[in-house]
Structures are given as structure tokens and as C-alpha cells.
Amino acid sequence: MTETRSPSDDGPAERVSVPPAGGDGPVVKPRSPRAIAWARRRRAFATGWTSFRSQRAGLVGLIALAVIAVLALAAPLLTDATGLDVTQATADRLEPPSMQYWLGTDENGRSVLLLTWWGARISLLVGLAATVLSVGIGTLVGVLAAHFGGLTSAALMRVTDFFLVVPSLVLAIALSTVLARGLGTIVLAIGLTAWPTTARLVRAQTLAVEARPYIERAKALGAGHGHLIGSHVLPGVLPLVFANTTLAVASAVIAESTLSFLGLGDPTQVSWGAMLKSAMDTGAVTGGAWWYLLPPGLGIVTVVLAFTLCGRALETVLNPRLRGR
Amino acid sequence: MVSDVLAPSESLGDAPDSEGRSGGGSGLARYVASKVAGAATSLLLVILLGFFLFRVLPGDPVQTMTRGRAVSAEQIAELRERFGLDLPLWQQFIDYLFGVLRGDLGVSYFYSRPVSDLIAERFWPTVLLAGSATILAVLLGIWLGTRSAWRHGSRFDRTATGVALTLWSVPTFWLGLIVLMVFAVGVGPIPGMFPTGGITSPDTPPGVIPYVLDVAHHLVLPCITMVAVIFAQYQMVMRSSLLEEMGADYLTTARAKGLRDELVRRRHAVPNAMLPTVTLIFLHLGLVVSGAIMVETVFSWPGLGLLTYQALDVPDLPLLQGTFIVLAGAVVAMNLVADLLYRFLDPRVRAS
């Protein structure tokens, strides 16, 4: 039996039964392929994590994200949502920071700290949902184009190139104008405009994976399209998709704030972009109410920068060519 | 957006490979023809999308237009007739397509004037703003990127890359609001030095020179805001492209000849590393346009961006449709220029 494996494939040859990573004594019976695959994945993950840990900027980004995610999730436990209600507001409008309102108040007398805290939930939720949608579409289009080739590929890549060319903000504005206002529309508008870069990336990677000999062997053994894509292509492509995802969240968060700032968001929900829109519309800028401008903006910058740093570090881990740069 | 900065060579590198790479003498003609055909298809798709997005997707544009207002059945019927919505769909599209090709983009619902007139009025302010910002951003980006790459790993490199990444993460409109508050309104000891919006002041004395100075005075803040957000991409591309060049043999040769370090950089390395940046300028004009929408909104700069923003509130669908087609069409044209220029500038692409 001749096994031709490229040296770039991870781990030692897995047809030999290797002791699991934990090392629980000598292995007697041969392990199932599934178990072997999982052990290999765990090992790859451990190596990746070690490599990621050595990137200081990426680690900083990850910690910042963890803190923000915990704070956003814990908002209902730590704060009182009734403070978001305009009719319940008791303070004066645009009050500067004080002991009672650490970050001052907005034009309705609500606490800016509370608004920023709850705004994080909507901004992150929309950013993540839009990313899932766009990365999903991009991966599907990229894999299908590369796998089937020919006319399918030509048609799909023509569409991809088109969406790559059309300025995404302009298209997103058009989409959210014609659809009913709401969070779903924003998610749809960002998701439908942000997928082409992922599609191109996935297509290139799929072509590289499909050129490997084990794909040919699987084909010779009679593997169908579904099996080839699900068991061989996707596992090879997904790590790259994952790195791309972290970068995509960063742009989706900016896109969400931009659309909300233009007044295309859900008017009933507090998000960072919507806060900045009210700040502009109600004269907080000309009134010098810096406490109303800084918190939501710094929130966006922190989240976007954290995702970007994580994504760059992940790319370095997954793409050895970039290491040492 | 962010990933564009990080993987710039991706889109540039494999752009020319799909079509017409394998030509000899007639290769260039075939390449140009295929690119022009591609751009024409994209333009047609833009028009198609503009049509279906605004006429069909919401079901009934009249409903969208009159959302939240009390209108009688006769008014709706009149609106339907005025926008030609009572005709069959294919006829609407044919009318629309030939209208667009003739430069007829319909009549604005809010201004009751031809959309093409409104766009023509607002076109030059946007070109002035986006153009001056692009030029400044390119100069700044190339200078910073070159210095970063030439001493890569140094403190200058780390600082410049960090600043670029941070500014890239800043939403354009937020930076604009901050700049507006600090330099136009004034904060603490800083007095308001610049106008808060518009392109001219009402009290400018007559004459060309005062007019130019007044416009320049209004241009400073929006331009700085745009430059701050977009220079990063040129810096990153220049840096990585110069880093690729730096290992090349011809630089070693130039050094071995005894050329001064500065000359090696200026005469040999930088011109070669400039290629991706030059085409990137055109490829990224789409982002500049998007940035202009935000900057113009914040600074009330009377360009296409502000026009789009004002149309959003109504919502003025014919106007939005018109700006969509013009903005997207301009980007399609710029991409064509980038493709052709890349081929023209880089002999390696031509030869292969």
C-alpha cells in the first residue's frame, strides 16, 4: 500500500495507532478513525494555541474581547434596564459626568454609561450575526466554485467579482432603505454585501486542497461530492475561514455602526452607532458634550481593534509564510 | 474592509489570472477587450440591481415612499402612474435601462427635479474632497510605508503600524464628530478655528482668491478626517510590497556597486514596490466614496454623500436609485482603469 502524503499535513501518519495525546497507557485495540481524527484535531489545536500565545498583540485582543463579551452578557444581571426607558429618565439633559452618572447623561437624561453598556449587546449581536451570514455565503460560494469548476465556477465568480466591485456601503444603504427597518434588515444588508472577499479566499484555498493527492485517492475510491466536500475539503479550508471570520466581525461592527449612524438601524434599539446619531442630531457635538461622544466611539474602536489583532495573530498561526515577518 | 488591508496582494495578485493571460502579440488586445466586456457586464448588473432593488424587492415602492403617512387611494394611484408602475415589469425595465443610458435617472420625489441635475450639482464637491484626500493619503502612506519597511522591526515601524491599525479601526463618522467638536466648535483652551460645515461662508468678499481660500478653509477638516482613515491601507501595502522587494538580488547588486543606502531605496526599491500601490488607488476608490458619505454627512459638505444622506430621511427612492447607480458605476469604471493600468505598468504581468 503506497501512501503519498505531503509533509505539510499535520501530525504523524495516522494509520498507525498512536497513543492519545493524554497518554493513558499502551493501546491494545485499534482505535476508530473518528477517534484518531479527533486526537489529531486536539493536537493541532494545542500547537496552534501555543503559537497564538506567543503573539502578544493577539493575546491582548483576545483578553479584551473576553472582558467585553462577559460585560455584555452580564448587563441584565449587573444593571437595571429600566434606565434605558426615556420616560423613566430623571436626570437633566446632557449633564456632564458626576458621581451619580459616571459618564454623564444623554439628551433625554439617561445615563451614558448604561446606554453604552447595553449598546454593546446590540452592536456585538449584529456584528456576529452578519458575520455568520456573510462567511456562510462566502464559504458556500467559494467551495462550490472551486469544487465544480467549469461553468459553475465562471458564473459564481462573475457574481463574486460584481459584488466585490460594487461599493458595499452604498449597496447596504440601498438594501436597508427598501426593506423594513430593524435589526434583521441590518444583518441582511451587511451579510449580503460582505461575503465576496471570503468567497475568493475560500475558492483559492479549496483549489489548493483539492490538488492534494489524498483527494484523488478518495475520488478513486468512489467518494461523492458531498463526502469529498464535507470530509476532505472543508476540514482543510475551515481554519482559514475561521481566521477570516475574526477579521470579518471587525468590519461588520463598523458597518453596523455606520448604517445605524445614517439612521437605517432599528430605532427602538440602543446601539453604539445609534447613540452617535442622536449625539449628532441633538447638538451634543456643538454643545461640546464630549462625554456623550467618547464612550460609544471608544467602544467601537476597542472591539474592532481587538478583533483585528486576534485575526492577524490567527492568520500568522495558520499561515506559516507570514511567520517571522 | 479590514481584511483588504491585510491581504492586499490577494486581490491584486490573482486579478489578471483568470482571463486572457496566455496571449502573445494579440494578448494585450484580448486582455483589454475582456476587461472592458467585464466592466460592461458589471455596469449592466448595477443597472439591473438598481432597478430590481428599488422597484420590485419591497413589493410596492409607493408603499415604502408613503410609509408612516396617511395617503388616499387616489394619491397612491397617481403616484403609481407617475412612476410608471402600472406598466408590465419588462417594459418598466426597458424604459428604465434606456433612460439610464441616456442619462435620465428619473425625477426626485422630494426635490421634484431631475435626479441627474441634482447629481451633477453635487458631483464636483465630492470629487474635490475625495480627490484631495486621496492624494494626501497616498503621499503620506507611501512615505510612512517606505520608512517602516526600510527599517522594519524598528520603533518607527512598530509605532507607524500601530497608529495605522488603530486609525483603520476608527469609524470615519466618529472621527469626524471628534474633529468637528475639537477644531470647529472648540474644546477647553482650543478655540474653534474652522467652519462647522458647508463649502463656503455667506460673508465671503467677492473675487476668485477669497473664494478659493474660503473653500480651502472649509475643506481642511473633512479632508483631514478622510486622510486619517484611508492612509493606512496605502501604508500597509507599501510596507509589505517593499518588504517583498527587499530580499531581491538587484538590490544586493545595487548595494555592491557601492550606491548609498538612500539611493538604493529611492531609485531601485521604491519604484518597483510602488506598482501595487498605484493600482490600489483606483481599486480602493469605492472605499473613498463610502468614506465620503460619512464625512460629508458630518461636515454638511454638499456632495453626493450628503445628497444620499438627505435622500435617506424622506426616503427619496428615485434619488437613492440614481446615486446608487452613479456611485457604483464610478467604482466599476475605476476598477477597469486599475486593471488596465496594472497590466500597463508591470511588465511581468504582460510577459507571463
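**Exercises on a predicted two-chain model**

At a relative accessibility of 4%, Cys310(A) counts as buried, where buried means under 20% relative accessible area, exposed over 50% and partly exposed in between, with a 1.4 Å probe and protein chains only. This is a predicted model in which local features need pLDDT of at least 70 and side-chain atom pairs count only at pLDDT 80 or more, while totals for chains, interfaces and linings use all residues. Residues are numbered from 1 along each chain as its sequence is written, chains are lettered from A and ligands numbered from 1 in the order in which they are written, and side-chain values use heavy atoms, leaving out hydrogens and water.

**Exercise 1.** Determine how many disulfides the structure holds.

*Solution.* Step 1: a disulfide is a pair of cysteine sulfur atoms within 2.5 Å. Step 2: over all chains, the count is zero. Step 3: Cys223(B) may be classified separately; its relative accessible area is 8%, so it is buried.

**Exercise 2.** Describe helix H3 of chain A and both of its ends.

*Solution.* Step 1: helices are DSSP runs of H or I with at least four residues, strands are runs of E with at least two, and both are numbered from the N terminus. Step 2: H3(A) covers residues 112–148, which is 37 residues. Step 3: the expected span is 1.5 Å times one less than the number of residues. Step 5: just after the helix, Gly149(A) has a positive phi of about 60°.

**Exercise 3.** Classify Ser112(B) and Ser300(B) as buried, partly exposed or exposed.

*Solution.* Step 1: Ser112(B) lies in the loop between helix H6 (89–102) and helix H7 (115–150) of chain B. Its phi is near 55°, a positive value in a residue other than glycine. Step 2: Ser112(B) is exposed, because its relative accessible area is 54%. Step 3: Ser300(B) lies in the loop between helix H13 (285–299) and helix H14 (304–313) of chain B; its phi is positive too, about 50°, although it is not a glycine. Step 4: Ser300(B) is partly exposed, because its relative accessibility is 37%.

Technical notes:
Polar contact = N/O pair within 3.5 Å; in protein donor to acceptor, adjacent residues only side chain to side chain.
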